[in-house]
Amino acid sequence: MRYDILLWDVDGTLMNFKRAEAKALSQSLEEVGVEPTDELINEYSRINISYWKRLETGELTKEEVLLGRFAEFFDKMGLEAEAESFLMSYEEHLGHIWFIQDNSLELCKKLRAEGIRQYVVTNGWVFVQKTKLRESGFDQIMDGSFISDEFGVPKPKKGFFDACFEQIFGTKTPSPSELSRVLIIGDSLSSDMQGGINAGIDRCWYRPSGEVNTEGIPVDYEIEDLWQIWDILKDSD
């Protein structure tokens, strides 16, 4: 197989983040006496996405993202809550709430049995990501997990992938032949696909709802079900 090293995004790819986000937010809202509604959940999700995109571009720091999104959410929706304590509640819930997407756990097990090396690449908070990877069983399958918090630089920055490659290949600057063996799979054009471009590796865009690429970011493959990765690996023999 041409690709024997896969870099997996977590939220929105291996796991259904929207469902986990809605449940965790609902539990935290209930704890402060607020009834969760679709309007609240959808508005928070919109704000949250905008903050993480600003992290990707370097406009905001991780600390500004974590607290700022809740401060803006509370202010806009007229809610009385303290951002820091709410953050701790939300992240605690989020670490223990996860929904497997496309039976991805079994997929990764089969890929591992075929000798494919697999790594997680994520911008999520260390506690949350490590907790759900452990509880879901992904940490027993992956060859490693790379979390931006630990590197101090987020996807899609080249520095993030330099740190990944140093652990995978033993150097921040792998040879072209080594890079040609790596495929990144993720749902975000601005984080995963742009990150793949910055890293010099091939890119597989996961678009489960048939999303359209309106950002003009080039990708090598598009899939709507994670198990389609088998077709890509076979075609690249």
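Helix 10 is largely enclosed by the rest of the structure, because eight of its 11 residues are buried (under 20% relative accessible area, with exposed meaning over 50% and partly exposed in between, for a 1.4 Å probe and protein chains only). The model is a predicted one, in which local features need pLDDT of at least 70 and side-chain atom pairs count only at pLDDT 80 or more, whereas totals for chains, interfaces and linings use all residues. Residues are numbered from 1 along each chain as its sequence is written, and side-chain values use heavy atoms, with hydrogens and water left out. Helices (H or I, at least four residues) and strands (E, at least two) are DSSP runs numbered from the N terminus.

The buried residues of helix 10 are Leu189, Ser190, Ser191, Asp192, Met193, Gly195, Gly196 and Ala199. These buried residues pack against helix 2, helix 8, helix 9 (176-179), strand 4 (182-186) and strand 5, where contact means heavy atoms within 4.5 Å. After helix 10 comes Gly200, with a positive phi near 80 degrees.

Helix 10 (189-199) is also one of the elements that each supply at least two residues of the lining of the largest pocket, as are helix 1 (17-31), helix 2 (38-56), helix 3 (62-77), helix 4 (83-96), helix 6 (126-136) and strand 5 (202-206). The largest share, six residues, is contributed by helix 2. A pocket is an open set of points, on a 1 Å grid over the protein atoms alone, where a 1.4 Å probe fits, with protein on both sides within 12 Å along at least five of seven lines; lining residues have an atom within 4 Å of a point. The largest pocket holds about 960 Å³ of space, a volume being the space filled by probe spheres set on the points, which are joined across faces, edges and corners. Of the 41 residues that line the largest pocket, Asp11, Phe17, Ile49, Asp187 and Ser188 lie nearest its centre. Its lining comprises 13 nonpolar, 14 polar and 14 charged residues, where Ala, Val, Leu, Ile, Met, Phe, Trp, Tyr, Cys and Pro count as nonpolar, Asp, Glu, Lys and Arg as charged, and the others, Gly among them, as polar.

For the second largest pocket, the volume is about 160 Å³, and the lining divides into four nonpolar, four polar and three charged residues. Leu55, Gly58, Leu60 and Thr61 are among the residues that line this pocket, as are Ser148, Asp149 and Lys157.

Glu21, in helix 1, is buried without a salt bridge, and the nearest side chain of opposite charge, that of Lys18, is 4.4 Å away. A salt bridge requires a side-chain nitrogen of Lys or Arg within 4 Å of a carboxyl oxygen of Asp or Glu. Residues up to four places away in sequence set aside, Glu21 touches Tyr44, Ser45, Asn48, Tyr90 and Leu94.

Most residues other than glycine have a negative phi, and most peptide bonds are trans. In the loop between helix 4 and helix 5 (104-113), Asp102 has a positive phi of about 55 degrees, and Asn103, in the loop between helix 4 and helix 5, has a positive phi near 55 degrees. Asp102 counts as partly exposed at 24% relative accessibility, and Asn103 is partly exposed at 45%. The peptide bond from Lys155 to Pro156 is cis, with omega near 10 degrees, and Pro156 is placed in the loop between helix 7 (148-151) and helix 8 (158-169).

Conventions
Lys and Arg count as positive and Asp and Glu as negative; His and the chain ends are not counted.
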